[in-house]
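Biologist: I would like to know what stands behind the labels in this model. Please take me through them, one term at a time.

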Amino acid sequence: MVVESLEMFLHKAKCKSHVMEILPYYSLRCCLVTQGERSFFSISRNQMQLVQDATVADMVIEGSKEDIMELLNGTKMRDVKGLTFKGSFRHYLLMDSLFTLVNRSERKEVS
């Protein structure tokens, strides 16, 4: 279930040009870990994709299945209390922005 949600998340991200612009030109590998299951994906300005048979990641996000699903659905990383993040602070900020922007509502308020 996490892999399917991750695939949907990556597809939504690719469709949003403003999100792709914040990504680095070089490739970063991220690993989502939940209950012993590892899902690797790679992000860069040119592509976002699942990675099979990976063993090394630049950053690791670990939590319960519910926490990871909440994250993939747009909850800010700091608001999901059960998550553990391993990586640099720069990577943390990038991933937090990515998760938030991809799932942000398309509606705009008119004042």
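Modeller: Gladly. Let's begin with contact, which means heavy atoms within 4.5 Å. This is a predicted model, in which local features need pLDDT of at least 70 and side-chain atom pairs count only at pLDDT 80 or more, while totals for chains, interfaces and linings use all residues. Residues are numbered from 1 along each chain as its sequence is written, and side-chain values use heavy atoms, with hydrogens and water left out.

Biologist: Which residues does R45 touch, then, not counting residues up to four places away in sequence?

Modeller: R45 touches M20, E21, L23, P24 and Y25. R45 itself lies in the loop between β2 and β3. Those element names come from DSSP runs, numbered from the N terminus: helices are H or I runs of at least four residues, and strands are E runs of at least two.

Biologist: What makes R45 partly exposed?

Modeller: The scale is relative accessible area, taken with a 1.4 Å probe and protein chains only: buried is under 20%, exposed is over 50%, and partly exposed is in between. R45 has 27%, so it is partly exposed.

Biologist: And why is D53 called exposed?

Modeller: D53 has a relative accessible area of 79%, and therefore counts as exposed. D53 lies in the loop between β3 and β4 (59–62), and its phi is near 60 degrees, a positive value in a residue other than glycine. Q35, in the loop between β1 and β2, has a phi near 50 degrees, also positive in a residue other than glycine. Most residues other than glycine have a negative phi. Q35 is exposed as well, at 66%.

Biologist: Let's turn to the helices. What span is expected for α1 (residues 2–14)?

Modeller: The expected span is 1.5 Å times one less than the number of residues. For the 13 residues of α1 that gives 18 Å, and the helix reaches 18 Å from its first C-alpha to its last, close to expectation. For α4, with 14 residues, the helix reaches 20 Å, close to the 20 Å expected.

Biologist: How do you know that the buried residues of α1 line one face?

Modeller: The buried residues are V2, S5, L6, F9, L10 and A13. Seen down the axis of α1, they fall within an arc of 140 degrees, so they line one face of the helix; the arc is that of the directions from the helix axis to the C-beta atoms. The face turned away from this buried side carries the exposed residues M8 and H11.

Biologist: What makes F9 count as buried?

Modeller: F9 has 1% relative accessibility, so it counts as buried. Not counting residues up to four places away in sequence, F9 touches L72, L98, F99, V102 and N103.

Biologist: Why is α1 called roughly perpendicular to α4?

Modeller: Axes are lines fitted to C-alpha atoms, for helices over the stretch in contact, and angles run from 0 to 180 degrees between N-to-C directions. Angles under 35 degrees count as roughly parallel, over 145 as roughly antiparallel, 65 to 115 as roughly perpendicular, and the rest as oblique. α1 and α4 pack at about 85 degrees, with their axes 10 Å apart. That makes α1 roughly perpendicular to α4. The contact is made by F9, K12 and A13 of α1 and L98, F99 and V102 of α4.

Biologist: How do the residues of that contact divide?

Modeller: Ala, Val, Leu, Ile, Met, Phe, Trp, Tyr, Cys and Pro count as nonpolar, Asp, Glu, Lys and Arg as charged, and the others, Gly among them, as polar. The contact of α1 with α4 has five nonpolar, no polar and one charged.

Biologist: How are α1 and α3 placed relative to each other?

Modeller: Their axes come within 10 Å and cross at roughly 10 degrees. α1 and α3 are therefore roughly parallel to each other. V2, S5, L6 and F9 of α1 meet K65, I68, M69 and L72 of α3.
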